[in-house]
Amino acid sequence: MKLNSNYDNLKQNYLFATIEQKVAEFKANNPERELIYMGIGDVTLPLSKSVTEATKAAADEMATAAGFRGYGPYRGYGFLLDAIAGYYAKRGVDLCHEEIFVGDGAKTDTACFSDIFAKENVIAVSDPVYPVYFDSNIMDGREVVLIAATRENGFLPMPSEDLKADVIYLCSPSNPTGAVYTKEQLKVWVDFANKNDALILFDAAYEAYITDPSLPRSIFEVEGSRTCAVEFCSLSKNAGFTGTRASYVIIPKELERDGKNIGKLWLRRQSTKFNGTPYIIQRATEAVFTEEGQREVAEMVGYYQENARMLVDAFTEFGIFFTGGVNSPYIWFEAPKGKTSWEFFDLLLNEVGIVSTPGAGFGVNGEGFLRLTSFNTHENTARAVELLKKVL
Ligand code: PLP
């Protein structure tokens with residue numbers, strides 16, 4: 001037998017696996033040293049009351065003959081589709097059940113969506129980028145072109161006349177840079193995709209961190225997007241579901257490419273390869289969209305935003321170039337004194353015990369930058385600011 005040789009074209013390790021390895025080595029050599037984790041984008045606050053109550057109630061329901069559920073509907077239960085549609089309706093985006101697909105995480109959804117694309121498609125991703133878009137297409141053997149996200153373009157690349165791409169991944173607010181596209185900028189991408197018969201895959205995993213009301217939280221706030229875009233969203237960073245696992249994909253029902261309906265193809269793929277998000281988790285997800293659930297989300301996101309504000313203030317004081325931190329849980333900053341990302345990663349780890357993420361791990365244009373997350377306690381963030389003062 002033969003294995004998928006496209007895997008030979010991947011970096012040897014997933015970025016966060018390399019970081020974990022370095023941190024494990026450091027801990028083994030320095031068992032007494034405490035670390036502050038500002039690297040991997042995992043949340044730290046516990047699940048909210050509404051979510052845990054809904055989870056327990058659903059578990060109790062499953063323990064009764066009348067309430068037991070086995071395999072669920074492929075696109076998700078009607079109660080959750082209603083809740084998601086209601087969430088979008090508040091922003092003036094009308095969705096029907098046929099346009100919503102509940103998943104078990106935006107990583108799974110964004111990585112697996114390429115199952116429905118032909119191998120010949122050219123894929124465009126920004127550089128730096130959330131590695132999943134890039135790696136999943138490399139695994140499938142597709143050509144991936146990189147669009148440079150740089151300090152000069154505010155880490156928000158725009159289409160150029162000569163860009164040849166069939167599928168374009170956009171992430172706003174961006175992981176890793178925290179940069180956010182305006183509605184006008186997204187309109188340029190939408191017009192480009194419609195004109196060139198391309199498809200935009202829009203990752204809105206961090207939409208809950210947008211505080212500026214003029215910035216779009218969904219690509220479907222942009223005119224013309226229904227004929228060229230699919231949106232991915234996650235419950236991980238707003239409701240703390242990184243270990244609970246829930247997400248949704250929005251595919252407008254009229255969206256077609258190559259003479260075929262995208263939503264129908266995705267449903268065909270899901271019904272073959274996925275047996276749904278657990279009923280208990282779908283009930284927990286429904287609770288996130290209630291009035292009380294949304295109040296809790298605002299509180300949770302607000303807590304992390306306060307940390308981000310501390311970091312923004314600190315980097316402003318240090319006079320170090322950074323982006324993000326305002327409409328995003330991430331601060332993306334330039335390593336001082338011309339150090340490389342990994343050099344400064346090692347310095348932060350060894351000298352002050354802060355775990356960051358080296359920007360170079362997200363792409364060539366990430367070299368010289370690092371990412372810090374605000375997913376932490378206020379106390380740890382304040383301590384990190386003091387420690388950063390020592391080295392910056
Ligand atoms: N999309 C982006 C841009 C992310 O940064 C992440 C997680 O860090 C995900 C998707 C994955 O989210 P999930 O936990 O829903 O799989």
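**Entry 1: the model.** I am working from a predicted model.

**Entry 2: the ligand shell.** I looked up what lies around the ligand. The shell holds 14 residues. N175, D203, Y206, S234 and S236 are the closest. By class I read 6 nonpolar, 4 polar and 4 charged residues. I then asked which helices each supply at least two residues of the shell. They are α4, spanning 106–112, and α7, spanning 236–239.

Entry 3: The backbone of A106 places a polar atom 2.7 Å from a ligand oxygen. The side chain of S234 has an N or O atom 2.6 Å from an oxygen of the ligand. For R245, a polar side-chain atom is 2.8 Å from a ligand oxygen. Next I checked burial of the ligand. Alone, the ligand exposes 400 Å², and the protein buries 91% of that. I also looked up the site. The ligand sits in the largest pocket.

**Entry 4: R245 again.** I went back to this residue for its backbone. R245 is in the loop between α7 and β8 (247–250). Its phi is near 75°, which is positive, and R245 is not a glycine. Most residues other than glycine have a negative phi. Is R245 buried, partly exposed or exposed? Its relative accessible area is 29%, so R245 is partly exposed.

**Entry 5: K337.** Here too I noted a positive phi, about 55°, in a residue that is not a glycine. K337 lies in the loop between β12 (330–334) and α11 (341–352). With a relative accessible area of 74%, K337 counts as exposed, because the cut-off for exposed is over 50%.

**Entry 6: cis peptide bonds.** I looked at the loop between β5 (167–171) and α6 (183–196), where P173 is found. The bond joining S172 and P173 is cis, with omega about -5°. P176 is in the loop between β5 and α6 as well. N175 and P176 are joined by a cis bond with omega about 20°. Most peptide bonds are trans.

**Entry 7: S126.** I found S126 in strand β3, residues 122–127. Its relative accessibility is 18%, so S126 counts as buried; the cut-off is under 20%. The S126 side chain reaches the backbone oxygen of P128 at 2.8 Å.

**Entry 8: L392.** I placed L392 in the segment after α12 (378–391). L392 is partly exposed at 25% relative accessible area. Its C-alpha is 9.9 Å from that of L348, 44 residues apart along the chain.

Terms used. Residues are numbered from 1 along each chain as its sequence is written. This is a predicted model: local features need pLDDT of at least 70, side-chain atom pairs count only at pLDDT 80 or more; totals for chains, interfaces and linings use all residues. Side-chain values use heavy atoms; hydrogens and water are left out. A residue is near a molecule or strand if one of its heavy atoms lies within 4 Å of it. A polar contact is a pair of N or O atoms within 3.5 Å; within protein, one must be able to donate a hydrogen and the other to accept it, and residues adjacent in sequence count only if both atoms are side-chain atoms. Accessible areas come from the Shrake-Rupley method with a 1.4 Å probe; for residues, only the protein chains shown count as cover. On a 1 Å grid over the protein atoms alone, a cavity is a set of points where a 1.4 Å probe fits but cannot get out, and a pocket is an open set with protein on both sides within 12 Å along at least five of seven lines; lining residues have an atom within 4 Å of a point. A molecule sits in a cavity or pocket if more than half of its atoms lie within 2 Å of its grid points. Helices (H or I, at least four residues) and strands (E, at least two) are DSSP runs, numbered from the N terminus. Ala, Val, Leu, Ile, Met, Phe, Trp, Tyr, Cys and Pro count as nonpolar, Asp, Glu, Lys and Arg as charged, and the others, Gly among them, as polar. Buried means under 20% relative accessible area, exposed over 50%, partly exposed in between (1.4 Å probe, protein chains only).
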